[in-house]
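The entries below follow the order in which I looked things up.

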Amino acid sequence: MNLQQLFNMQKELDHFIEQTQNIQHDVFQEKGLALLVELAELANETRCFKFWSTKGASARAVILEEYVDSIHFVLSLGLLKGYTSIEKWPMVAEKRNLTELFLQTQKAILHFIDQPSEDRYTTIWQYYGLLAYNLDFTFDDVVSAYIEKNKENYQRQRSGY
């Protein structure tokens, strides 16, 4: 399952945002923090860590949208560092404890922000593949949701979001 379509769409969106917002400085740290925030928002919607609550997870569509919000920043960070040669999305069919998986994903992101390398970037994708599998998302689910969110992000930029 090829990621190049998503990298291309994200590259265009990033360029549009940079032009619209007149971004002329390195935004790697900001995008790294944004990714961590989006990951936390995703975890919050799954409610996997809320042992004190009986309320269930948010609707699948809400969780998928939060997942895709993260993917925008995973792609964008890869573009910033030139790590766009990932041909296949590494979705691993392995059931994991979601809380542990979110923590491991966060660690992988922090390691990448601290010392960016292609291996560390690939590790982030591996964790996102595990997250997708454990959240019952297919590659097609993610691509469709990404395309919709990408359109919404353009509209938000045009309307002064």
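**Notebook: rings and fold**

I began with Y154 and found that this residue is buried, since its relative accessible area is 15% and the cut-off for buried is under 20%. I note at the outset that I am reading a predicted model.

Next I looked up F16, which is partly exposed because its relative accessible area of 24% falls between the limits of 20% and 50%. I then turned to the two rings together: F16 and Y154 form an aromatic pair, with 5.0 Å centre to centre and 55° between the planes, and the pair is classed as tilted. F16 belongs to helix α1 (residues 4-21) and Y154 to helix α6 (residues 139-158), so this pair ties together parts that are 138 residues apart in sequence.

I went on to Y67 and F137, whose rings form an edge-to-face pair at 5.6 Å centre to centre, with 65° between the planes. This pair, too, links distant parts of the chain, as Y67 sits in helix α3 (residues 60-81) and F137 in the loop between α5 (118-134) and α6, 70 residues apart.

I then asked how many aromatic pairs the structure holds. The count is 10, and I also noted a cluster in which ring pairs link F28, Y83, F112, Y121 and W125.

I looked at F7 next, which lies in helix α1 and is buried, with a relative accessible area of 1%. Leaving aside residues up to four places away in sequence, I listed what F7 touches: L75, L79, Y83, T84, I86, Y121 and W125. Three of these names, Y83, Y121 and W125, I had already written down as members of the ring cluster. I also looked up F7 against H72, which is 65 residues away along the chain, and found their C-alpha atoms separated by 9.0 Å.

For F102, I recorded a place in helix α4 (residues 98-114) and a relative accessibility of 7%, by which F102 counts as buried. With residues up to four places away in sequence again left out, F102 touches L39, L42, A43, T46, C48 and L131. The C-alpha atoms of F102 and Y128 are separated by 9.4 Å, while the two residues are 26 apart along the chain.

**The whole chain**

Along the principal axes, the C-alpha trace spans about 45 × 35 × 30 Å. I compared the radius of gyration of 15 Å with the value near 15 Å that a compact globule of 161 residues would have, and the two agree.

I asked what share of the contacts between residues at least 6 apart in sequence join residues at least 24 apart. The share is 85%. As for burial, 42% of the 161 residues count as buried, and the accessible surface comes to about 8800 Å², of which 50% belongs to carbon and sulfur atoms.

My last entry concerns charge: I found 16 positive and 22 negative side chains, with the centres of the two sets 3 Å apart.

How values were computed. Residues numbered from 1 in each chain as written. Predicted model: local features only at pLDDT ≥ 70, side-chain atom pairs only at ≥ 80, totals over all residues. Heavy atoms only, no water. Rg over C-alpha atoms; globule rule 2.2 N^0.38 Å. Buried < 20%, exposed > 50% of the residue type's maximum accessible area, 1.4 Å probe, protein only. Contact = heavy atoms within 4.5 Å. Areas by Shrake-Rupley, 256 points an atom, 1.4 Å probe, with all protein chains shown as cover. Lys, Arg positive; Asp, Glu negative; His and termini not counted. Charge placed at Lys NZ, Arg CZ, Asp CG, Glu CD. Phe/Tyr/Trp six-rings, centres within 6.5 Å; stacked < 30°, edge-to-face > 60°. Helix = DSSP H or I, 4+ residues; strand = E, 2+ residues; numbered from the N terminus.
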